[in-house]
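Me: Got a new structure open here and I'd like a quick walk through it. Can you help me get my bearings?

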Protein chains: 2
Amino acid sequence: MSKEETFQDLSLNPPSGKQDLWRWLYTELRGAILDGRLKPGARMPSTRSLAMQYSLSRGTVVVAFDQLQAEGYTRTEVSAGTYVASGVPDGFLPTTRRPAALALPTSKAALSKRAQQFLKDVEVMPVSHSIGKAFRSYEPAIDLFPVDLWARVASRVLRRAPRSLYAHGNAAGYQPLRRAIAEYVGASRGVHCSPEQIIITSGAQQALDLIGRFILSTSDQVWMEDPGYSRALQTLRATGARIVPIPVDEDGLIVKAGRKLAPKAKLAYVTPANQFPMGVTMSADRRLELLRWAASANAWIIEDEYDAEYRYFGRPVAALQTLDSCGCVIYVGTFTKMLFNALRLGFMVLPERLVEAFTSARTLVDLHPPTLDQAILAEFITEGHFGHHLRRMRQTYAERIDVLKTAADKHLNGVLDVVHAGAGIRTLGWLKTWKSDHQAAQQAQKSGLEVTPLSLFTTKYDQPPALMLGFASCNPAELRRGVSVLATALRSR
Amino acid sequence: MSKEETFQDLSLNPPSGKQDLWRWLYTELRGAILDGRLKPGARMPSTRSLAMQYSLSRGTVVVAFDQLQAEGYTRTEVSAGTYVASGVPDGFLPTTRRPAALALPTSKAALSKRAQQFLKDVEVMPVSHSIGKAFRSYEPAIDLFPVDLWARVASRVLRRAPRSLYAHGNAAGYQPLRRAIAEYVGASRGVHCSPEQIIITSGAQQALDLIGRFILSTSDQVWMEDPGYSRALQTLRATGARIVPIPVDEDGLIVKAGRKLAPKAKLAYVTPANQFPMGVTMSADRRLELLRWAASANAWIIEDEYDAEYRYFGRPVAALQTLDSCGCVIYVGTFTKMLFNALRLGFMVLPERLVEAFTSARTLVDLHPPTLDQAILAEFITEGHFGHHLRRMRQTYAERIDVLKTAADKHLNGVLDVVHAGAGIRTLGWLKTWKSDHQAAQQAQKSGLEVTPLSLFTTKYDQPPALMLGFASCNPAELRRGVSVLATALRSR
């Protein structure tokens, strides 16, 4: 093969400057082999001619050739030179001359049918490029989180961490963090458990996902509060289980309705401390009734406590788990609402007989949680910063709901009847002049407010039109501004 | 009710000192109500008598009473006192007098049948309390990871992070990290993709889990390399899919066998750069054959590159993804083997048409990856530390496999024929005098060595007896010590 032929035939694309030169040459030559510019059995151009033509060092060309050889695109015959391997492009007809292109039809491979179905409903929350906007409901007060303190604790933990913390970690979670959490839930939530019953998760969401996947079989029935937390519903439904919406009243989930609608359900999902989104506390007799049903039906209960720490009248209500003498309650907690969302750490308190299985299940899902983050959080808790932050936030949020309520009573009178939430980081406002909370929310969103219609959380049992308003994440000025904007939006129709 | 009766009847357990006094009293009184020591309709002891008897302040007793009232255990009649609520313990017969105990039968609720079945096989790796032990195979050189540098980068990132990084993050991953990874895989692995095609995961394990769950339907067939990575097998099997083991030879997965055994499989799992555990590189014609099959069968391919960066002869082999013109390859990478295990960050490069669905799927599983960790890693990459570390480790591991091979040739001659691995962080040693690698591994484990029998990774196609030996995680002295201990162990039978 003459130099001239080589120069004409290959017409390689010029190097992009982003890759090493040897990799560029390798990719281009491979492309030429794959699309037939260099045919099976053909002799490869000499390293010398390629080096000359493309102003490369011989060494660079040799590296590219070695790579083609190593990957089987070429073969070398001693003292005869290098040839394109015979089998390689067999069956591939060149339809394009783009480097490395194989002429394959575009794949029609798809997601599973079921995934296509249920992923349609899943709403991806936007990234928070800003914080503190009225009336974002899924963030705590990021404006008041002690970021400098967190950075200092983190720096100290990282400076002192033994190298073993960088190695493979505990599937159930970092032991000192499990101990710190066991102590915290014992003292603050009345939950009695050993550190061994605690599995660290990447937030409550992962806990719900793990429970759903490993406890539910296809077609099992699940009691879900209606209205209720839609992301829990979607996650549990993704397992193939059948969701049975159970109505909620001022005492929480109506257990009698559940008993009637799905007496043999395998799981009940409840938010007893502060029902999402209605904000009611499950009454003592409902709690007992629920446990009694679960014991008789051999069902599990998920107790999701996402913001029970924030209670503005009296003390936080004790967890349902504290009444569980039959070992059917899985308590789910998260630090995302108590500290900050981006942390992605939460936990489950499991009945003892589930611990081993869930530790195994966890290794299939993501091996173990990130150890350094857990070490930082453990230090933050044991040094008392966590408790201090919670106390401070409890007071701050109590003030913020007061600000919201006062401003709403003044400016939204007759339009939106805002509930003076007794707990949590969000509340409801009942719409007085709109029939569709969906339309009202859209109107508010057009004015740049973040509000969610209550109807988004109902499945089967309609509620009067209402808007969900987050108050914990916004400072007083922003809350007042938000109320004023909302008043204009809801009155302009 | 006289003071004396009160004192006798309630017999509360003494405070433990761990809880607030009000919570202790509340818990004890609630226990008394629930087990019938205080019966429905009975008058509650006076706050004064309780304060006297247990040396509490009246304020403490009042807080406990308020809580019981708030939770519905008691009711107060104006100027008549506080009574135990009538409905509460209805149907609960006291069988125990432990506080807060409800007499419920122990629950027989269970995991789903399928989970019980497959979780049996899952091995939970022990926590690494020590590092660098011969011959651990799942850790890189933690002893040489620049922990001080990592801590400094982390401190700087945390000090400068805007508050919005503490808020809700991007479900697909932190954008600057996605950009850094797109650049890295383009330059180093030849993978062409936009940052939008990259989804950050908590390690390769989560990527495999996500792909399996959302791509596979029950009873779909999956090609798995045999021998192959058992944790991938377990994860994909957990979806309910049927695993079809496909034999592997010196050119990698035997595509013809796959075509024959399961021509309509939905997914093929392969490790083309450095087959796990055989260490072979998939040849060019096998790669093309695999892609051609996938295109015709509308199947997906998972390309799992867990340690392709570490190649000791020639350059790293280009990714299979670079040949994919039909959009069926999902490339899975991880930082746990390139940096350190505890980091728990990895990524997928997705064909464009999967991006939206996988972003949704991800929110159901754990909302989003921890943002601050991602910001630290992004900085570590863009400052060049990542590339530097990889180059350094490539040299170190090449030295370490030399040390292992030299020592083994000297001391294990005739007993174990150690392969001079050309890539990766582990190698195989073929047993010359043992018929069962399982027994040989047990013998070595008794001497404190970490070795894994090859047979652990075979499903259907037997291999000659061999041991898997990690060499990247151990320093030369430990490798030599390990070889000496192993020689004694394997010869003493």
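**Around one tryptophan**

Me: What does B:Trp150 touch?
Reply: Leaving out residues up to four places away in sequence, B:Trp150 touches A:Tyr166 and A:Leu372, plus B:Phe145, B:Leu339, B:Phe340, B:Leu343, B:Ile376, B:Leu377 and B:Phe380. Contact here means heavy atoms within 4.5 Å. This is a predicted model, where local features need pLDDT of at least 70 and side-chain atom pairs count only at pLDDT 80 or more, while totals for chains, interfaces and linings use all residues. Residues are numbered from 1 along each chain as its sequence is written, chains are lettered from A in the order written, and side-chain values use heavy atoms, without hydrogens and water.

Me: And the largest nonpolar core, how many residues has it?
Reply: The largest nonpolar core has 157 residues, and A:Trp150, A:Phe335, B:Trp150 and B:Phe335 have the most contacts inside it. Such a core is a set of buried Ala, Val, Leu, Ile, Met, Phe, Trp, Tyr and Cys residues joined through side-chain atoms within 4.5 Å; buried means under 20% relative accessible area, with a 1.4 Å probe and protein chains only. A second, separate core of 50 residues includes A:Ala294 and B:Val63.

Me: Is B:Cys193 buried or exposed?
Reply: B:Cys193 counts as buried, because its relative accessibility is 18%.

Me: What about confidence in chain A, what's the average pLDDT?
Reply: Chain A averages 90, on the predictor's per-residue confidence scale from 0 to 100.
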